[in-house]
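Visitor: Could you walk me through some aromatic rings and a pocket, one question at a time?
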Amino acid sequence: MFIIYLFLFSNLAFSQLYESYSILDSIVNKLSPPTSKSIITQVNTSPFKKDRLFKYEYFVDNIEGVKLIKYIFPQKVKNNSFLIKNNGKDIWGYFNKSQTTRKLGSHVMKQGIQNSDFTFEDLGKNNNWLTNYKIDLKKEKNDFIIHLHIIDKKKSDYDKIIIYANVETLYPSKIIYIKDNINEKTLFLDDILQKNNFLYAQTMIMKNILTKTETKMIIDEIEFDVFFDNDIFNENRLQK
C-alpha cells in the first residue's frame, strides 16, 4: 500500500512540475515571438535629471538568438547601432560619429541601453528561466504567479524572479527582479494588444527601485513573421 501511495505522489509531483514548466515555457515564447521588426520610443526618467528621449528601429530574430538596435533619434546618436548575438553574450557597437565598429566587453550586457533601466541582458529570450531556476507555480484570481528561485547564483544576477501572467493568455503583466532579498527593479507590461495572432505589450515600464529611475519603452510600430536579409545581423555591415 505504501508503494502505491508513493507511486501516486510521485506522479502528482511530476504532473505539477510539468505543468509549471509548460506554463513558463509558453510565457517565454509569448515574450519572444520568432521574428519581429519595430520602431520604439524610449524615455529615460530620473528624479535628478531631465527626461531623455530616444527612438530606434528594433530587429529581432529569436530563432537565431540575434537582435539589432539602430537609433534614429536624437541626432547625437542617429545611426548608432548595437548588434546582440547569442542571447546577449556577444555585443557589437557601431558608432556613427567615428564610423567604427567594435566588439564590446562582456560586462556591457549588464549595463543599461543608453543609460536606461533596461540592460542588454534584459533583451535576451529568457531561456535561462527554464534552466537556471526552480519553478514554484501558484494561482491567484486571474493570474498565475510564478516564483523562480536561482539554482546556481553564478549564472544570474537575480536570486529570485516573480512573474505575474494572465491565466487565459499567459502573457505577463509584471515581472519582479530580486537580489539578496531586495526588489531591485520591476517591469510593468501594459496596453496588451494583438496583431497577427501575436500578443505584445505596447508599453513597457522598467522601474529601478534602488535608483528611483524608470524607463518607458513604447512600441510605435511593429510587424511579426518578418523575413530578414542575411546581412542585417552581420557585424561587418552595421554601418549600412
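Visitor: Is Phe228 buried or exposed?
Guide: This is a predicted model, with residues numbered from 1 along each chain as its sequence is written. Local features need pLDDT of at least 70, side-chain atom pairs count only at pLDDT 80 or more, totals for chains, interfaces and linings use all residues, and side-chain values use heavy atoms, with hydrogens and water left out. Buried means under 20% relative accessible area, exposed over 50%, and partly exposed in between (1.4 Å probe, protein chains only). Phe228 has 11% relative accessibility, so Phe228 counts as buried.

Visitor: How many aromatic pairs does the count come to?
Guide: Rings of Phe, Tyr and Trp (its six-membered ring) pair if their centres lie within 6.5 Å; planes under 30 degrees apart count as stacked, over 60 as edge-to-face and the rest as tilted. By this rule, the count comes to ten aromatic pairs.

Visitor: What kind of pair do Phe59 and Phe228 form?
Guide: Their rings are 6.3 Å apart, centre to centre, with 75° between the planes. That makes the pair edge-to-face.

Visitor: How many residues apart in sequence are the parts that Phe59 and Phe228 tie together?
Guide: Helices (H or I, at least four residues) and strands (E, at least two) are DSSP runs, numbered from the N terminus. Phe59, which is buried at a relative accessible area of 8%, lies in strand β2. Phe228 is in the segment after β13, so the pair joins parts that are 169 residues apart.

Visitor: Which ring does the charged end of Lys174 sit over?
Guide: A charge sits over a ring if NZ of Lys or CZ of Arg is within 6 Å of the ring centre and within 35 degrees of the ring normal. For Lys174 the distance to the ring centre is 4.6 Å, and the ring is that of Tyr164.

Visitor: Which class has 27 residues in the lining of the largest pocket?
Guide: Ala, Val, Leu, Ile, Met, Phe, Trp, Tyr, Cys and Pro count as nonpolar, Asp, Glu, Lys and Arg as charged, and the others, Gly among them, as polar. The lining has 13 polar and ten charged residues, and the class with 27 is nonpolar.
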